[in-house]
Amino acid sequence: RCMAIDYMLTFQVRITGDVLFALKSGLRVAEFAGGILIVYALITRLSEVLIRSRRLRPGTIDIQLMRLGFRLLTFLVMAWMTLAAANYLGIPVAPLVAGLGVSGLALALAAQHTVENLIAGLVLFADKPVRIGDACQFEEFRGTVEEIGLRSTRIRGPDRSLISIPNSEFAKLKLVNLTPV
């Protein structure tokens, strides 16, 4: 808390009543907002430092997963801090959380294909049937893996055509890795 400003408003300027309450409430909201922005900046900076480390190759799914993880962490921490601030300021949090639960269910149903591709991307990342630069064959198509993303995999054919396959479909294909081990 900005104790100096609080002390000044209460004992030096001698503001009282509703005006003092409004000023102190505004001060608390500003403190919480500043704290949330500082946490956001720290997590963002930490993620960029880790992602730029020399041990990670640019363009790999490792970096995409780290970015996704840090964004999720940032969102969760900021949501928690916002709910804590609302609770501290006397705003009832339980109905907000219940509303978010219902909204989350509706969002999950609407985005089920996106979530399916994301999970399939994580499975491809864990199983590693192919890696970037590997030659592979599926069905009657042959090509070189250019990118394995969180939503889709891109394969460059011998005629320089680029095919993009959603990860949910790519994970189901009978895949032959032609790159020698």
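At 4% relative accessibility, phenylalanine 138 counts as buried, where buried means under 20% relative accessible area, exposed over 50% and partly exposed in between (1.4 Å probe, protein chains only). Phenylalanine 170 is likewise buried, at 1% relative accessibility.

The model is predicted, so local features need pLDDT of at least 70 and side-chain atom pairs count only at pLDDT 80 or more, while totals for chains, interfaces and linings use all residues. Residues are numbered from 1 along each chain as its sequence is written, and side-chain values use heavy atoms, with hydrogens and water left out.

A pair of aromatic rings is described by the distance of the centres and the angle of the planes. Rings of Phe, Tyr and Trp (its six-membered ring) pair if their centres lie within 6.5 Å; planes under 30 degrees apart count as stacked, over 60 as edge-to-face and the rest as tilted.

| Pair | Geometry | Centre to centre | Angle between planes |
|---|---|---|---|
| Phenylalanine 32 and tyrosine 88 | edge-to-face | 5.6 Å | 65° |
| Phenylalanine 138 and phenylalanine 170 | edge-to-face | 6.0 Å | 85° |

Phenylalanine 138 lies in strand S1 (residues 135-138) and phenylalanine 170 in helix H6 (residues 167-170), so their pair links parts of the chain 32 residues apart. Helices (H or I, at least four residues) and strands (E, at least two) are DSSP runs, numbered from the N terminus. Ring pairs also join Phe138, Phe141 and Phe170 into a cluster.

Because phenylalanine 32 belongs to helix H2 (residues 17-51) and tyrosine 88 to helix H3 (residues 61-88), their pair ties together parts that are 56 residues apart in sequence. Phenylalanine 32 is partly exposed, with a relative accessible area of 27%, and tyrosine 88 is partly exposed at 47%.
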